[in-house]
Amino acid sequence: MRASHVHNSPIRRHIGQVFIPVRDMERSARWYGKLLGFDPGVPSHGGTILDVPTEEGPGLVLDANRPDFTADGPPRFFFWTDDIAATAEHLQRLEARITSPVEDIGSVVFIQFEDPDGNALMVCQRANS
């Protein structure tokens with residue numbers, strides 16, 4: 001039997017905020033507003049931060065403070081949907097760069113795409129939805 005090791009940490013296992021780096025806040029705010037169905041309003045912090053309204057879970061922020069970022073790598077988080085087919089159609093209407101077909105991996109069905117800055121994004125639907 002493997003021994004269980006519990007380590008105390010002052011850091012909570014709770015994500016507070018996810019930052020998405022963007023280069024052009026105005027363009028990105030409009031795009032994410034259309035993607036997620038919200039009025040982006042006015043960015044704060046001299047036009048470099050936009051809090052995206054979320055339903056639950058961690059906060060989501062568009063961050064234009066480091067325009068020299070590279071947008072490589074896989075998606076680092078995903079959005080939920082109850083209708084992956086409608087999501088795929090919505091992404092096509094937005095002319096998002098879709099980087100994967102709708103894929104079913106058993107536990108979830110997902111689609112991957114990129115925002116205007118090349119950030120990899122993903123939307124998942126639970127397999128039993």
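**Overview of the predicted chain.** Buried residues, meaning those under 20% relative accessible area, with exposed over 50% and partly exposed in between (1.4 Å probe, protein chains only), make up 35% of the 129 residues in the protein chain. This is a predicted model, in which local features need pLDDT of at least 70 and side-chain atom pairs count only at pLDDT 80 or more, whereas totals for chains, interfaces and linings use all residues. Residues are numbered from 1 along each chain as its sequence is written, and side-chain values use heavy atoms, with hydrogens and water left out. The secondary structure comes to two helices and eight strands, taken as DSSP runs of at least four residues for helices (H or I) and at least two for strands (E), numbered from the N terminus. Along the sequence these elements follow the pattern β-α-β-β-β-α-β-β-β-β, and the C-alpha trace spans about 55 × 35 × 25 Å along its principal axes. Of the contacts (heavy atoms within 4.5 Å) with a separation of 6 or more, 53% are accounted for by residues 24 or more positions apart.

Three strands form an open sheet with mixed pairing in the order E1-E3-E2, where two strands pair if DSSP finds at least two bridges between them. Its edge strands are E1 (17-21) and E2 (49-52), each of which pairs on one side only. From one strand to the next the twist averages 25 degrees, with axes taken as lines fitted to C-alpha atoms, for helices over the stretch in contact, and angles running from 0 to 180 degrees between N-to-C directions. E2 and strand E3 (residues 59-63) run antiparallel and are joined by four bridges, and within this pair Val52 stands opposite Leu60 in E3. Helix H1 (residues 25-36) packs on the sheet and touches E1, E2 and E3, its direction making about 150 degrees with that of E3. In the segment before E1 lies Ile15, which is exposed, with a relative accessible area of 56%; its C-alpha atom is separated by 8.3 Å from that of Gly59, 44 residues away along the chain.

**Close-up of strand E7 and its partners.** Six of the seven residues of E7 are buried, so this strand is largely enclosed by the rest of the structure. Strand E5 (residues 97-98) runs antiparallel to E7 and is joined to it by two bridges, with Ile98 opposite Phe113. Strand E6 (residues 103-104) also pairs with E7 in the antiparallel sense, over two bridges, and here the bridge partner of Glu103 is Phe110. E6 and E7 form a hairpin with three residues between them, and Gly106 in the turn has a positive phi of about 100 degrees. E7 and strand E8 (residues 120-126) pair in the antiparallel sense over seven bridges, with Val108 opposite Arg126 in E8. The hairpin of E7 and E8 has five residues between the strands, and Gly118 in that turn has a positive phi of about 90 degrees.

Trp31 is buried at a relative accessible area of 11%, and Phe113 counts as buried at 0%. Phe77 and Phe79 form an edge-to-face pair, 5.4 Å centre to centre with 80 degrees between the planes, and Phe79 counts as buried at 15% relative accessibility. Trp31, Tyr32 and Phe113 form one aromatic cluster.

**Close-up of two arginines over aromatic rings.** Arg23 lies over the face of Phe69, at 4.1 Å from the ring centre, and Arg126 lies over the face of Trp80, at 4.0 Å from the ring centre. A charge sits over a ring if NZ of Lys or CZ of Arg is within 6 Å of the ring centre and within 35 degrees of the ring normal.

How values were computed
Phe/Tyr/Trp six-rings, centres within 6.5 Å; stacked < 30°, edge-to-face > 60°.
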